[in-house]
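Here is a short note on charged side-chain pairs. Please read it with the model open.

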Amino acid sequence: MRCSGDKRLDVLIYDTTLRDGSQGEGLAFSVEDKLKIAKKLDWLGISYIEGGWPGSNPKDLEFFTRIKEVDLKHARVTAFSSTRKPNASVGQDANLQALLEAQTEAVTIFGKSWDFHVYRALGTTLEENLQMVRDTVSYLKDRGLEVIFDAEHFFDGYRCNPDYALQVLGAATDAGADWLVLCDTNGGTLPWDLEETISEVKKHVSLPLGIHAHNDSACAVVNSLIAVKLGATQVQGTMNGYGERCGNADISSIIPNLELKMQKRCLPGNHLSRLTEVSHYVSEVANMPRYNSQPFVGYGAFAHKGGVHVNALLKDPLTYEHIDPAAVGNHRRVLVSELSGLSNLLYKAKELNLDVNAYDSRTREVIQEIKELESQGFQFEGADASLELLLRRAFGEYQDFFQLQNLKILIEKREDNGIIAEAMIKLTVDSKTVHTAAEGDGPVNALDNALRKALTEFYPMIQEMHLRDYKVRVLDGTDGTAAKVRVLIESSDEKDSWSTVGVSENIIEASWQALVDSLNYMLMKRLSPTGSKEDTDEQDE
């Protein structure tokens with residue numbers, strides 16, 4: 001069994017985000033993207049990183065060339081390919097030659113284990129397919145490589161023709177394969193069928209088993225865990241479950257379940273606490289939205305909204321959390337909304353180090369104010385920064401860093417159909433009046449540019465802040481163009497990200513509210529004694 005330092009691993013995680021994951025809709029990795037992700041996966045402690053299929057495109061070949069220059073601490077990089085073509089020589093197979101050019105220590109070969117695929121997809125005989133498996137595996141073993149054999153469509157093949165599916169595994173075994181990975185390629189196998197199949201397979205094979213599950217029946221994670229329970233010691237999957245159709249088994253759920261629920265070590269040291277960071281990093285590089293309710297690593301995985309729940313959490317977090325969020329690098333969030341009770345507000349105040357008295361009339365007033373604002377369309381559960389500003393203002397621990405005197409926005413449509421917006425703004429900052437203007441692609445962009453231009457002289461750190469997302473939602477479509485809109489803005493700097501909200505019948509006003517909160521929140525965190533200066537110092541340490 002592969003070791004990490006002096007600690008043995010019970011299960012080896014095989015990440016195929018860079019190959020199988022990249023087949024997901026909307027995903028396209030550059031070579032630089034793949035290198036960044038590979039480094040982050042190695043930092044997490046992944047055992048195998050599948051870099052791609054070198055025979056399929058020049059980009060993957062470049063990745064394998066460049067990854068050699070990276071000092072990986074834990075992971076073994078693998079290259080992926082298929083068995084030789086029917087009625088052809090392994091020595092003349094272009095895919096296999098490209099596989100060798102990748103110069104990895106380990107390779108993964110997939111071969112057909114479903115007779116239907118042999119006939120219809122390959123157009124060859126069952127015996128020729130077995131010979132393709134034998135020839136390919138032995139050819140690679142003769143060159144000193146670790147060979148992982150992926151039995152493609154194994155569970156469908158076993159259901160239709162169990163004898164032949166087992167013969168395919170036998171051919172790979174006889175040729176010297178190191179691993180047999182059972183693949184649920186179409187993702188249609190249900191847990192009890194998978195359990196029955198693996199139990200039978202174990203009676204006929206001697207090599208270590210792996211599992212490669214797809215999520216078309218929403219069973220990829222549970223099927224992977226059952227396979228481990230039955231003795232599989234390699235699990236293949238992708239970070240965040242990326243992959244073709246409905247995706248692959250999500251290793252960000254598999255890993256903590258193995259480590260925390262099944263007591264199966266699959267990461268070195270205390271690396272499990274890095275999981276959330278790696279999951280979010282991969283989603284950023286992939287330019288894919290984060291799934292808020294994603295188990296373990298989602299932003300809302302440990303978010304609590306109901307007042308009864310929060311009241312119990314204050315007594316003991318185990319009342320409504322199945323694990324400690326810190327174990328996977330996540331954190332608890334208590335949402336304050338129209339459904340909140342006193343417990344939610346007290347928890348949030350404690351989180352912000354606010355001195356709030358549960359019996360103070362102002363505390364009750366704040367709860368009522370939040371509920372009234374949410375009835376107007378505000379949604380603080382998705383805008384923590386706006387909520388924190390509201391609470392700090394309410395309890396006298398905040399002051400604005402600038403005040404608006406007036407704002408004008410002009411929109412000009414030109415003969416070439418171009419539209420230019422210009423925002424003219426007058427602010428008061430430290431008793432000084434600032435009057436400036438800026439153009440933008442639209443009124444909100446112009447407003448943002450003008451605000452930044454006016455404030456940068458006083459607060460240069462604003463240049464480090466970037467708008468990451470801007471969402472507008474019509475709250476009641478029956479009001480037509482006079483309907484209220486809710487604007488949610490997500491902003492970030494080099495260390496943090498935060499969300500703010502604004503609501504109005506006027507989209508400019510709603511955007512202004514969210515933009516002002518976003519800027520004030522950053523300035524509070526950087527400049528106010530009640531902000532995150534201490535947090536920043538701790539990070540520096």
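**Salt bridges: notes on the model**

1. Glu 244 is partly exposed at 34% relative accessibility; the class lies between buried (under 20% relative accessible area) and exposed (over 50%), with a 1.4 Å probe and protein chains only. Its salt-bridge partner is Arg 245, with the closest N and O atoms 4.0 Å apart. A salt bridge here is a side-chain nitrogen of Lys or Arg within 4 Å of a carboxyl oxygen of Asp or Glu. Arg 245 is partly exposed too, at 47%.

2. A network also turns up. Glu 284, Arg 290, Arg 468 and Glu 490 are joined by salt bridges that share partners.

3. On the basis of the values: this is a predicted model, where local features need pLDDT of at least 70, side-chain atom pairs count only at pLDDT 80 or more, and totals for chains, interfaces and linings use all residues. Residues are numbered from 1 along each chain as its sequence is written, and side-chain values use heavy atoms, leaving out hydrogens and water.

4. The whole structure holds 29 salt bridges. One of them pairs Glu 277 with Lys 40, at 3.0 Å between the closest N and O atoms. The two lie 237 residues apart, Glu 277 in helix α11 (275-286) and Lys 40 in helix α1 (31-44). Helices are DSSP runs (H or I, at least four residues), as are strands (E, at least two), numbered from the N terminus. Lys 40 is buried at 17%; Glu 277 is partly exposed at 43%.

5. Asp 178 and Lys 141 form a salt bridge at 2.9 Å, N to O. This pair spans 37 residues, from helix α5 (126-141), which holds Lys 141, to the loop between α7 (162-174) and β8 (179-184), which holds Asp 178. Asp 178 is partly exposed at 27%, and Lys 141 is partly exposed at 26%.
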